[in-house]
Amino acid sequence: MVCTHRFTHGDVLLLVTDGLVEARDTDGDFYPLVERLRHRFEGRPAPGPAEVVDFLNTDLPRHARTLHDDVAMLAIAPYHRT
């Protein structure tokens, strides 16, 4: 299946490995990626890719003190000249 999406100012495409979304806390709960991003960025100016990755780099270790899989992230956004 091929899908297309036109990126606009403020959009960020986030690609992550399963090590991020399958990271568990001490109770065994998976890292709630969408909820954490929504909580951090909702109602604020659109973040850039670096801000999203920086947030995840600090928030994920708070959730899962020990990671049992590799974690990789790539966040990209369209370039707009100002």
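In what order do the elements of the protein run from the N terminus on? The order is β-α-α-α-β. This is a predicted model, and it contains three helices and two strands.

**The whole chain**

Begin with the C-alpha trace, which spans about 45 × 35 × 15 Å along its principal axes. Of the 82 residues in the protein, 21% are buried. Consider next the contacts between residues at least 6 apart in sequence: 63% of them join residues at least 24 apart.

**Helix H3**

Select residues 49–63, which form helix H3. This helix has 15 residues, and the distance from its first C-alpha to its last is 21 Å, close to the 21 Å expected at 1.5 Å a residue. Now colour Val52, Val53, Phe55, Leu56, Asp59, Leu60 and His63, the residues that are buried in H3. Their cover includes strand S1 (13–16), helix H1 (18–21), helix H2 (33–41) and strand S2 (73–76).

**Asp59**

Remain on H3 and select Asp59, which lies in this helix. Why does Asp59 count as buried? Its relative accessibility is 4%, and a residue is called buried when this value is under 20%. Leaving aside neighbours within four places in sequence, Asp59 is in contact with Tyr31 and Arg36.

**The largest nonpolar core**

In soluble globular proteins, nonpolar side chains tend to be buried together. To view the largest nonpolar core here, select its 11 residues: Leu20, Ala23, Tyr31, Leu33, Leu37, Phe41, Val52, Phe55, Leu56, Leu60 and Ala64. H2 and H3 each supply at least two residues of this core. Which helix gives the most to this core? It is H3, with four residues.

Within the core, select Leu33. Not counting residues up to four places away in sequence, Leu33 touches Leu14, Val16, Leu20, Val21 and Leu56.

**The largest pocket**

Finally, turn to the largest pocket, which holds about 150 Å³ of space. Which residues line the largest pocket? Select His9, Gly10, Asp11 and Val12, then Ala46, Pro47, Gly48 and Pro49, and then Ala77, Pro78, Tyr79 and His80 to display the lining.

Methods:
Residues numbered from 1 in each chain as written. Predicted model: local features only at pLDDT ≥ 70, side-chain atom pairs only at ≥ 80, totals over all residues. Heavy atoms only, no water. 1 Å grid on protein atoms, 1.4 Å probe; cavity = no way out; pocket = protein on both sides within 12 Å on 5 of 7 lines; lining within 4 Å. Points joined across faces, edges and corners; volume = space filled by probe spheres on them. Expected span 1.5 Å × (residues − 1). Buried < 20%, exposed > 50% of the residue type's maximum accessible area, 1.4 Å probe, protein only. Contact = heavy atoms within 4.5 Å. Core = buried A, V, L, I, M, F, W, Y, C linked by side-chain atoms within 4.5 Å.
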